[in-house]
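Open the model in your viewer and keep the sequence panel beside it. This tour has a few stops; select as you go.

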Amino acid sequence: MTGVSIPIHAIKGRGIAHHQPHRFERDTRGAFDDGWGSLDETVNAGEEAAAPATEVAFENARSAITRNDSPDLGFTLGLNPYRGCEHGCVYCYARPSHSYLNLSPGLDFETRLVAKRNIAAVLRDELLRPGFVPERLAVGTVTDAYQPIERELRLTREVLEVLSAAHFPLAMVTKGSGVERDLDLLAPMGAQRLAAVYVTLTTLDAKLARILEPRAAAPHRRLRTIRTLAEAWVPVGVSVSPQIPFINTDMEQVLEAAFEVGARRAFYQVLRLPWELKPMFRQWLQLHHPDRAERVMARVQDLHGGKDYDADFTTRMKGQGIWADLLRQRFTKTCDRLGFNRDREPLDLSRFRPAALRGQGDLFG
C-alpha cells in the first residue's frame, strides 16, 4: 500500500485517504515499521486521524473554454471552474489530472483545490471574439461545477450569468444540490432550449454512496434536485454512472426513481480506471469489499478487453464483451419501459447574442 501513512478508515468523509504517488514523481514513499510495532498497532486499533481540511488556491485562467476531438464525448466545448473536486468520488476518472499540478491524485485531488477566479471574465472575452461559432458547451466536464466550495466562491454562478446574457447553450452534469440556487438563470434558459441539466445518481443505497461519493449529495437529495429542476421546467436527465460490476447493482431502481421525479433523459458509462486510479480503486475494494474485490476486477477487465482500462474511443465508455452487452440490454429495456429518451437534449444555437456582453466589461473584472 505505497504512500499510506494513516489508516484509510480513520479519515471520515474522504474517498481516498492517502497521497497516492503520481506518475511523474521520481521517488515514492511507503509506510514503514521501525520494529516497535507502532504501525500495526495504529492500523489494528483503528485510531482516528484528524480529517484533512480543504485548501483552495486561486489561479488566473488563460482560457475558459477547452476543446476536444474525442468522438465518444458528444461535445467539443467544455468549461471547468475548478481543478480537483471535494466530492471525493473514489471512482473519479479525473483524479489523474491532478498529477499535472504535481499533486497527488489521491487525497490532494479532494483536499487541495484550484479555483479559476477570473473564468467568467475570460469566458466573456472569448465569446466576444470575432467569428466565434457557438456549439453546445458542457460545464463541469472534468470536475463538478457545484462541489461544496461553489457555495462561497460562486464561480459557476458567474459563468452562468455570462452564458445567460449571451443566450449561449449549455449542458451540465452534477451531483451537487447547489444547482438549485441558480434556478433563476437556468429556468429561463431551459424554457428557451438553452440549458439542460443531468444529475448523476450512481445508486439509491445511501450506505454505499457514503463510501463511493463521500461529500456529494445523498441519493434522496439528488432525487429532490431532479424534481426541483423538472418542476421549474428545466430539461433534466439522469446519469446512472459509473456502472461498477457487483457494487452498484440497482440500475433499474435508480432509473425508476429518477423518472418518477421528473427526469426524462438518461445515459450511463462503465467504470474507467486510467493511470493512478487503478491502484487506488483496488485498494478501496480491499478495504470496503474484500470478499468480492477480485471478482469485481475480473469483470472490470472483461469490460475493457482483459485490461484494468482500455482508452479505445470505441469501447471505453460502454465497455465490450458479454458483460457490456448485459448492461446495455438492462439499460435499454428499462429506458424503453419507463419512456426515457436516450438522446441528448437538443439545444438552440441560433439564439447566440454576443453583443449583449459588451456592457458587462467591469462586472467580472
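The buried residues of α12 pack against α9 (251-260), β10 (265-267) and α11 (293-303). Helices here are DSSP runs of H or I with at least four residues, strands are runs of E with at least two, and both are numbered from the N terminus. Buried means under 20% relative accessible area, exposed over 50%, and partly exposed in between, with a 1.4 Å probe and protein chains only.

This is a predicted model: local features need pLDDT of at least 70, side-chain atom pairs count only at pLDDT 80 or more, and totals for chains, interfaces and linings use all residues. Residues are numbered from 1 along each chain as its sequence is written, and side-chain values use heavy atoms, without hydrogens or water.

Now select Ala324, Leu327, Phe331, Thr334, Cys335 and Leu338. These are the buried residues of α12. They sit on the same side of α12 because they cover an arc of only 110° around the axis, taken from the directions from the helix axis to the C-beta atoms.

Turn to the face pointing away from that buried side. It carries the exposed residues Ile322, Lys333, Asp336 and Arg337.

Step off the end of α12. Gly339 follows, with a positive phi near 105°.

Next, jump to Gly84, in the loop between β4 (82-83) and α2 (107-111). Is Gly84 buried or exposed? Gly84 counts as buried, at 1% relative accessibility. Show its contacts (heavy atoms within 4.5 Å). Beyond neighbours within four places in sequence, Gly84 touches His98, Phe109, Leu113, Thr143 and Gln147. Finally, pick Arg95: its C-alpha is 7.3 Å from that of Gly84, eleven residues apart along the chain.
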